[in-house]
Amino acid sequence: MREPLSIRVLTYGLLACFVLMVAVPLFWMVTTALKTNKDLYEDFSYLPSRPTLQHFVRVIQREDLLRNIWNSFAVASTTTAVTVVVSAMAAFSIVRYRYRGREWIGRFILFKYVLPTAMLFVSLYAIVVALGLGNTLKSLMLTYLSFTVPFCTWMLMGYFRSIPAELEEHAMVDGCTKIGALFRILLPLSAPGLVASAIFSFTLAWNEFLLALVFTSDHTTMTVPIKLSMMVVGDQYIWGQLMAGAILASIPIAVLYFIGQRFVVKGLAAGAVKG
Amino acid sequence: MAIRPRSIDVAIPSQGWTVRRPSSRAREELWGKALLLPTVLMLVGLVLYPFFYAIWLSFTDKTVGSVGQFVGLKNFRYVIAWPQFSAALVNTFVFTVSALAIKFVVGMAVALVLNQQIRGRNFFRAFLLLPWVMPAFVVYLVWRWLYDPLSGLLNHALLDLGLVAGPIAFLSDRSTAMVSVIIAHSWRAFPFFAISFLAGMQTIAQELYDAAQVDGASRWQQFRHITLPGLYHIIGVVLLLSTIWTANAFEPVYLLTGGGPSDATMVYTMLVYVMGMVNLRLGEAAAVSTLFLPLLVALVLAVTILLQKKADA
């Protein structure tokens, strides 16, 4: 059915506003990174008059940002690897085994998924210091599990539930063990869910700010978000480099989003809202 | 050989197996628990223990590097009497409620637009989701630079359009700082509302709208009597989740204003950070978050129950 003209005008008008609203800050980020300092601070122009990559070169050479990117990558990939294995085990156990107390664990996992890190960071900091893990990447790899595992377990529980248990039961009738059925039937069938949970886990760890700010204190152990936020207070004419750094820090997430777009949208809806 | 009783009944004559059934069930139970063990250990070590340890800390005078002594309610009395605490209470409330209202309205409008038959819908949906997908710290750094009083885009644009006489110090003026933080945060978080509402709208049957149209219902009546009721559950979950996340947001304030100017944007997470990590007084910092705990736990329980209901249904 064709919409009346007034509705179509309103729809496209609003859409244009929303697109503009989202586009302007993105435009500002990208053009800033490509402008010369003269364009930024002296003769202002909306577009870069002589586009340059010097800010990217500087942020890598002077600020050694690649080191911080590597730190972020090490933390996020370690956390993700552990998270996917541990969450798949937990979700399989809760969904497919029968023993007392598993509903309560499931509820507690959901409770933690919703509970914000801000409630826990003071005591986590005291614990990390007491364990002698202060100012190490290990402290982040360990504590990030506290939010990635509940998130991914909850997501995978939903995924595993959507796959009929009869498939595994048939395999078991044919002589497969329950664990064998997990590896041969359930995991291959839930590959999209596993990919989505890995993407989410990596993204959560890559973007985490508060714990990284509290636990790490020098430039060699900082993850990207902390390093960039420290640069803000450092120098006044830093914005070209900062926006270049922000773009570099967004690239891994952009790539993951591009690869897994349909999983991400599905997962957002399934994990957060539909349950 | 962990086999469910049900499949045994189907597969094998049962007499020969009844003896072994208890042991296979026990073994099944053991496997199930073993698979859950790493998660349980993690939850105990990194969630339960810190959770109660934080409450304990709030009754001690612990600082970094010292063992805390029990001091009773001293921290609480100190914190409550502190002017920064009441500022944080009010600011957290203002920030949460205003940001929620903006995100709700914009999110609903975006969802309604994306739910229409528009060309390139998939592209626009992916594009409008970008602020939510970008790392939060990147978003707030960009906004800090947008707000820059001397070289920021907003001031250049406002001056060029002739809308203001002189540059505005968005983030360092008491009258504009909170509004600026709220806008930056709403920009980042509205797509969560939009995408959730859109997912909900797409589950509402088209027949309802067709029938309403036949009966001569206006657009507004259709929205009011079909779309909104169809979204009640999702609206509840999204508002609760977002209340929790917004009230506990740290990055927008830390990266944009640091709580200033003169506590105009001091929210409670920022106050906990300042007390614990800047002043190194962990006991008092823990007392602040403990004071917010009852409210937060109530919200978290409510959303947990709502989500659980949906998952069980």
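Colleague: How many residues of chain B are in contact with chain A?

Modeller: Bear in mind that this is a predicted model. In it, 103 residues of chain B are in contact with 94 residues of chain A.

Colleague: And what area do chain B and chain A bury between them?

Modeller: About 9,200 Å², with 79% of it on carbon and sulfur atoms.

Colleague: Which helix gives the most to chain B's side of that?

Modeller: Helix α2 of chain B, residues 21–57, which puts 21 residues on the side that touches chain A.

Colleague: How do the residues on that side divide?

Modeller: On the side of chain B that touches chain A, 74 are nonpolar, 15 polar and 14 charged.

Colleague: How many salt bridges turn up across the interface?

Modeller: The rule finds 0 between chain B and chain A. There are 7 residue pairs in polar contact, counting pairs with both residues at pLDDT 80 or more.

Colleague: Which elements give two or more residues to the lining?

Modeller: From chain A it's α1 (5–34), and from chain B it's α4 (83–114), α10 (206–214) and α11 (219–247). The largest share comes from α11(B), with 5 residues.

Colleague: And how many of the pocket's lining residues are nonpolar, polar or charged?

Modeller: The lining of the largest pocket has 14 nonpolar, 9 polar and 5 charged residues.

How values were computed: Residues are numbered from 1 along each chain as its sequence is written. Chains are lettered from A and ligands numbered from 1 in the order in which they are written. This is a predicted model: local features need pLDDT of at least 70, side-chain atom pairs count only at pLDDT 80 or more; totals for chains, interfaces and linings use all residues. Side-chain values use heavy atoms; hydrogens and water are left out. Helices (H or I, at least four residues) and strands (E, at least two) are DSSP runs, numbered from the N terminus. Ala, Val, Leu, Ile, Met, Phe, Trp, Tyr, Cys and Pro count as nonpolar, Asp, Glu, Lys and Arg as charged, and the others, Gly among them, as polar. Contact means heavy atoms within 4.5 Å. Buried area is the accessible area (1.4 Å probe) that two parts lose on being put together, summed over both. A salt bridge is a side-chain nitrogen of Lys or Arg within 4 Å of a carboxyl oxygen of Asp or Glu. A polar contact is a pair of N or O atoms within 3.5 Å; within protein, one must be able to donate a hydrogen and the other to accept it, and residues adjacent in sequence count only if both atoms are side-chain atoms.
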